[in-house]
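Biologist: I have not seen this structure before. Please take me through it one question at a time.

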Amino acid sequence: MDWLLYENEAKNKGYKLVCGVDEAGRGPLAGPVYAAAIILPEGCTIEGVNDSKKISEKKREALFDVICDNALAYCIASAGEREIDELNILNATYLAMKRAVEGLSLKADYALIDGNRLPKLDIDAQCIVKGDAKSESIACASILAKVSRDRYMLEMAEKYPQYQFEKHKGYGTKLHYEMLDEFGPCEIHRQSFLKTWYNKK
């Protein structure tokens with residue numbers, strides 16, 4: 001498989017700075033949704049990079065610094081719990097992606113977006129379904145977003161130890177629901193994601 005197929009296609013059309021964009025954390029009951037955008041140097045492939053969900057946490061952590069060191073530019077952004085509740089998770093995800101693209105220190109002129117719908121950007125873009133398994137820059141963005149969100153949730157685990165966020169990162173596991181039953185939600189829970197839980201009360 002050609003990891004740089006989509007990047008090279010864009011460059012063959014005349015685009016100079018192509019960024020890959022992906023998100024992490026659309027599904028959890030707690031915490032922000034994260035997104036990352038990254039511009040890699042021409043022809044750059046980083047050994048070991050793959051869809052962040054397919055590699056171990058330890059490997060993701062090791063690759064994080066390698067990716068940052070190799071990037072021409074990268075930006076990691078998020079949309080918070082209240083933004084998720086207000087906008088819905090899809091629009092909050094697009095907001096995080098837009099923030100990541102606009103936060104790049106080099107302005108990209110083309111974006112490769114993981115998924116099947118495009119956020120509103122002021123540059124040309126294309127979406128690639130399962131892009132994190134097809135594009136080097138999207139795969140790198142997926143790792144940056146996933147590691148950053150996991151690190152944030154580990155910080156929240158120290159702030160709210162009763163929920164044991166270090167074990168589930170905010171996802172709706174059996175343990176997480178048990179902790180919700182015992183302690184109720186805290187300020188980083190997404191209220192819009194807890195409707196089913198509230199209805200059972």
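Biologist: In which loop is the place of Gln164?
Modeller: This is a predicted model. Gln164 is not a glycine, yet its phi is positive, at about 55°. Its place is in the loop between α5 and α6 (165–168).

Biologist: Which loop holds Lys169?
Modeller: Lys169 also is not a glycine, and its phi is positive at about 55°. The residue sits in the loop between α6 and α7 (174–183).

Biologist: Is Lys169 buried or exposed?
Modeller: The relative accessible area of Lys169 is 11%. The cut-off for a buried residue is under 20%. Lys169 therefore counts as buried.

Biologist: Where is Trp3, and is it buried or exposed?
Modeller: Trp3 belongs to the segment before α1 (5–12). Its relative accessible area is 19%, and buried means under 20%. Trp3 is therefore buried.

Biologist: Which residues is Trp3 in contact with, leaving aside its neighbours within four places in sequence?
Modeller: The C-alpha atom of Leu121, 118 residues away along the chain, is separated from that of Trp3 by 24 Å. With sequence neighbours within four places left aside, the contacts of Trp3 are Thr45, Val49, Asn50, Asp132, Ala133, Lys134, Ser135, Glu136 and Ala139.

Biologist: What is the hand of the crossing where α2 passes α5?
Modeller: On the α2 side, the residues that meet α5 are Arg60, Glu61, Leu63, Phe64, Ile67 and Cys68. Their partners in α5 are Cys140, Ile143, Leu144, Lys146, Val147, Ser148, Asp150 and Arg151. The residues of this contact divide into eight nonpolar, one polar and five charged. As for its hand, the crossing is left-handed.

Biologist: Which residues does Lys146 touch, not counting residues up to four places away in sequence?
Modeller: Lys107 is 39 residues from Lys146 in sequence, and the C-alpha atoms of the two are 23 Å apart in space. Not counting residues up to four places away in sequence, Lys146 touches Ala24, Ser52 and Arg60.

Biologist: Which element gives the most to the largest nonpolar core?
Modeller: This core has 24 residues, and those that touch the most other members are Cys19, Val21, Val33, Val101, Leu104 and Ala111. At least two residues each come from β1 (18–24), β2 (33–39), β3 (73–79), α4 (89–102) and β4 (110–114). With seven residues, the one that gives the most is α4.

Biologist: Which residues is Cys75 in contact with, leaving aside its neighbours within four places in sequence?
Modeller: Cys75 lies in strand β3 and counts as buried, at 14% relative accessibility. Ser105, 30 residues away along the chain, has its C-alpha atom separated from that of Cys75 by 7.8 Å. Leaving aside neighbours within four places in sequence, the contacts of Cys75 are Ala35, Ala36, Ala37, Arg99, Ala100, Gly103 and Leu104.

Conventions:
Residues are numbered from 1 along each chain as its sequence is written. This is a predicted model: local features need pLDDT of at least 70, side-chain atom pairs count only at pLDDT 80 or more; totals for chains, interfaces and linings use all residues. Side-chain values use heavy atoms; hydrogens and water are left out. Helices (H or I, at least four residues) and strands (E, at least two) are DSSP runs, numbered from the N terminus. Buried means under 20% relative accessible area, exposed over 50%, partly exposed in between (1.4 Å probe, protein chains only). Contact means heavy atoms within 4.5 Å. A crossing is left-handed if the near helix is turned anticlockwise from the far one by less than a right angle, and right-handed if clockwise. Ala, Val, Leu, Ile, Met, Phe, Trp, Tyr, Cys and Pro count as nonpolar, Asp, Glu, Lys and Arg as charged, and the others, Gly among them, as polar. A nonpolar core is a set of buried Ala, Val, Leu, Ile, Met, Phe, Trp, Tyr and Cys residues joined through side-chain atoms within 4.5 Å.
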